[in-house]
Amino acid sequence: MWWFILAELTVFAMLLLSFAAAQALQPELFHASRQLLDRSMGLALTLSLLTSGLLAALALEQLRQGRSRHAAGLLLAALGCACGYVWLKLGEYRHLAGLGLDIEHNTFFTLYWIVTGFHFLHVLLGMLILGWLAKHCWQRANAAGNHPAAESAVLYWHMVDLVWVLLFPLVYVLN
């Protein structure tokens with residue numbers, strides 16, 4: 001799992017560096033385009049993902065203590081927060097597309113759609129993984145101890161969080 005996460009972080013690093021380099025080359029365009037985004041939406045997206053990450057970490061601790069049903073409940077809560085992220089992000093995408101700010105609008109929005117869309121796909125995959133883990137925890141009374149599959153699942157979810165924590169300021173805030 002560590003190699004997979006490292007590979008994914010490498011791809012995201014390249015995308016983020018491309019965004020930053022393009023911004024350095026076209027600062028006025030990026031500043032003007034960024035003003036078309038809703039920063040409060042970006043903050044809400046951030047809070048939903050970070051809350052989900054916290055709940056997933058708490059679930060892992062419950063699982064380590066042999067409380068698999070408690071872990072399942074926390075994982076479902078984490079999924080609920082992730083669903084909030086998906087709902088908000090789809091709303092943002094719909095709003096921007098409605099304004100004609102699609103992938104071909106300008107350099108900022110080309111990179112916005114690529115970077116946030118790639119992250120969005122990772123969120124969806126992470127949700128599938130967390131859902132599988134919640135089902136697994138609910139169906140089996142796992143003994144306390146080491147749970148490598150659960151640790152890998154939560155680690156992946158934390159990678160998704162980490163990438164968003166880097167994306168949010170770069171896309172929504174920094175000029």
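These legends go with a set of close-up views of a predicted model.

Figure 1. The protein chain has six helices and zero strands, so reading along the sequence gives the pattern α-α-α-α-α-α, with helices taken as DSSP runs. Its C-alpha atoms fill a box of roughly 55 × 30 × 20 Å along the principal axes. Of the 175 residues in the chain, 43% are buried. Take the contacts between residues at least 6 apart in sequence: 81% of them join residues at least 24 apart. The accessible surface comes to about 8800 Å², and carbon and sulfur atoms account for 71% of that.

**Figure 2. Helix H3 and the glycine that comes after it.** Helix H3 covers residues 39-64, which is 26 residues. Just past H3 sits glycine 66, with a positive phi of about 85 degrees.

**Figure 3. Helix H4, end to end.** H4 takes in residues 68-98. With 31 residues, H4 reaches 44 Å from its first C-alpha to its last, close to the 45 Å expected at 1.5 Å a residue. Glycine 100 follows H4, and here too we have a positive phi, near 85 degrees.

**Figure 4. The largest nonpolar core.** This core has 55 residues, and Tyr112 and Trp157 have the most contacts inside it. H6 gives the most, with 14 residues. As background, nonpolar side chains in soluble globular proteins tend to be buried together.

**Figure 5. Zooming in on tryptophan 157.** Which residues does tryptophan 157 touch, once its neighbours within four places in sequence are left aside? The list is Leu49, Ser52, Gly53, Ala56, Ala82, Val123, Gly126, Met127 and Leu130. Tryptophan 157 is also one of the two residues with the most contacts inside the largest nonpolar core, the other being Tyr112.

**Figure 6. Arginine 64 and its two glutamates.** Side chains of opposite charge can pair when their charged atoms come close. The glutamate 151 pair links distant parts of the chain: glutamate 151 is in helix H6 and arginine 64 in helix H3, 87 residues apart. Glutamate 61, by contrast, is three residues from arginine 64 in helix H3, so about one helical turn separates them. In general, an α-helix has 3.6 residues a turn, so residues three or four places apart point the same way. How covered up is this trio? Arginine 64 has a relative accessible area of 35%, which makes it partly exposed. Glutamate 61 is partly exposed as well, at 35%, and glutamate 151 counts as partly exposed at 26%.

**Figure 7. A salt bridge between lysine 89 and glutamate 92.** The structure holds three salt bridges, and this view shows the one joining lysine 89 to glutamate 92, with the closest N and O atoms 2.4 Å apart. The two residues are three apart in helix H4, so they are separated by about one helical turn. Are they buried or exposed? Both lysine 89 and glutamate 92 are buried. Elsewhere, salt bridges that share partners join Glu61, Arg64 and Glu151 into one network.

**Figure 8. Threonine 116 and what it touches.** Threonine 116 is found in helix H5. At 0% relative accessibility, threonine 116 counts as buried, because the cut-off for that is under 20%. Not counting residues up to four places away in sequence, threonine 116 touches Lys89, Tyr93 and Leu111. That brings back a residue from the previous view: Lys89, the salt-bridge partner of glutamate 92.

Figure 9. Met1, Phe4, Leu125 and Leu128 make a nonpolar surface patch of about 380 Å². Leucine 125 belongs to helix H5, residues 107-139. At 37% relative accessibility, leucine 125 counts as partly exposed, since that label covers values between 20% and 50%.

Note on methods:
Residues are numbered from 1 along each chain as its sequence is written. This is a predicted model: local features need pLDDT of at least 70, side-chain atom pairs count only at pLDDT 80 or more; totals for chains, interfaces and linings use all residues. Side-chain values use heavy atoms; hydrogens and water are left out. Helices (H or I, at least four residues) and strands (E, at least two) are DSSP runs, numbered from the N terminus. The expected span of a helix is 1.5 Å times one less than its number of residues. Patches are made of residues with over 30% relative accessible area and no salt bridge: like charges are joined within 9 Å, nonpolar side chains (Val, Leu, Ile, Met, Phe, Trp, Tyr) within 5 Å. Accessible areas come from the Shrake-Rupley method with a 1.4 Å probe; for residues, only the protein chains shown count as cover. A salt bridge is a side-chain nitrogen of Lys or Arg within 4 Å of a carboxyl oxygen of Asp or Glu. Buried means under 20% relative accessible area, exposed over 50%, partly exposed in between (1.4 Å probe, protein chains only). A nonpolar core is a set of buried Ala, Val, Leu, Ile, Met, Phe, Trp, Tyr and Cys residues joined through side-chain atoms within 4.5 Å. Contact means heavy atoms within 4.5 Å.
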